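I opened the model and kept notes as I went. The entries follow in the order I looked things up.

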Amino acid sequence: CLKFSSSTNFIYTPSTTTNPQSYTLATNKSGNYLSSSPITNICPLNFIVVPGSSTYGTNDFCVMKYEAKQVGATTTPISQASGLPWVNISQTTAIANAPNTKNQDGSTCTTCHLITEAEWMTIAQNVLGVASNWSSGVVGTGYIYSGHNDNVPGNAIEASADDTLGYTGTGNVDPSNQRRTLTLTNGEVIWDLSGNVFDRTAGTIAGSAQPGLAGEVAYAWKQWNNASLLQNGLPTSSMPSSTGVAGITWNSSAGVGQLYSNYGEVGARVFLRGGFWGYVSNVGVLNLFLSTSSGSTDVGVGFRVSR
């Protein structure tokens, strides 16, 4: 149990999108989260609870507040503000290591896994609809904050344990699109959902199934609202329009990111989301990069675990 004090948050989250309607009751103190149905036990340390979405068929779930970190040579992913993101790790290895995450009591979180596409889109849908995540304070007007993406500095940076310091390490202050924190409808804060490093999801796409432009034979960036964009084998649930958030133009000027794909690709590829520190407008909560294989690694690619 969590003892109530001035630093304990009590959260009531009603759901109006499910039938019958449901709710979540939760307490949160110093990264420790105790929630009622459907989450019945404490999330791993420094994970946050994400409200489920009927759009993506998700119930409430836990996700790393920060991009996964590696301490020493361990194969146990850790969510913490300090340290640089765990990069140079393939999708295959991230999937294998995710269940090594520890619960609050030190036991192994066997149900922990690399974040899925449905979970990523649930988070994106949620934060897109929160006015404080937008530069203007109005959903769809201005841009949603996209984090460390201007190559200054030209590397990944640490986060802060203080959620009010969302510009930590960027050299920027408000107003700037470099803010690294986004707030969910339940008051939880997630760091570096876009920017800093790419986050792998468990998503894959088969060869000859990539979205893109007819006749395309090379990878290129494309705006999501390009009228000539062919969805091809990309699931509708991975498209920005599936979020149902009104008033957004779905282009990079709104801070949502772009699509990097090749309609002519014949090999299987995996999903990278978010973007990394030097990609400028090619970064955002809906940014999707489709050119890498399940075994590839890169200094600008990390991951996030959910449960």
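I began at G295. I list G295 as touching S90 and T92, where a contact means heavy atoms within 4.5 Å and residues up to four places away in sequence are not counted. I also checked G295 against I89: they are 206 residues apart in sequence and 8.4 Å apart in space, C-alpha to C-alpha. G295 sits in the loop between β13 (284-289) and β14 (301-303). Helices (H or I, at least four residues) and strands (E, at least two) are DSSP runs, numbered from the N terminus.

Before going on, I noted the ground rules. This is a predicted model, in which local features need pLDDT of at least 70 and side-chain atom pairs count only at pLDDT 80 or more, while totals for chains, interfaces and linings use all residues. Residues are numbered from 1 along each chain as its sequence is written, and side-chain values use heavy atoms, with hydrogens and water left out.

Is G295 buried or exposed? I read a relative accessible area of 52%, so G295 is exposed. The cut-offs are under 20% for buried and over 50% for exposed, with partly exposed in between (1.4 Å probe, protein chains only).

Next I went to T122, in helix α2 (residues 117-128). T122 counts as buried because its relative accessibility is 1%. I listed its contacts, again leaving out residues up to four places away in sequence: V50, P51, G52, S53, Y56, T58 and F61. The T122 side chain also reaches the backbone oxygen of A118 at 2.7 Å.

Then I turned to salt bridges, meaning a side-chain nitrogen of Lys or Arg within 4 Å of a carboxyl oxygen of Asp or Glu. I count six by this rule.

One of them joins R304 and D199, at 3.1 Å from N to O. Where do the two partners lie? R304 is in the loop between β14 and β15 (305-306), and D199 is in strand β9 (residues 198-205). They are 105 residues apart, so I noted the pair as a link between distant parts of the chain. Both R304 and D199 are buried.

I also looked up E216 and K222, whose closest N and O atoms are 2.7 Å apart in their salt bridge. E216 counts as buried at 13% relative accessibility. K222 is buried too, with a relative accessible area of 3%.

My last entry is E265 with R269, a side-chain salt bridge at 3.5 Å, N to O. E265 is at 11% relative accessibility, so I put E265 down as buried.

Terms used
Polar contact = N/O pair within 3.5 Å; in protein donor to acceptor, adjacent residues only side chain to side chain.
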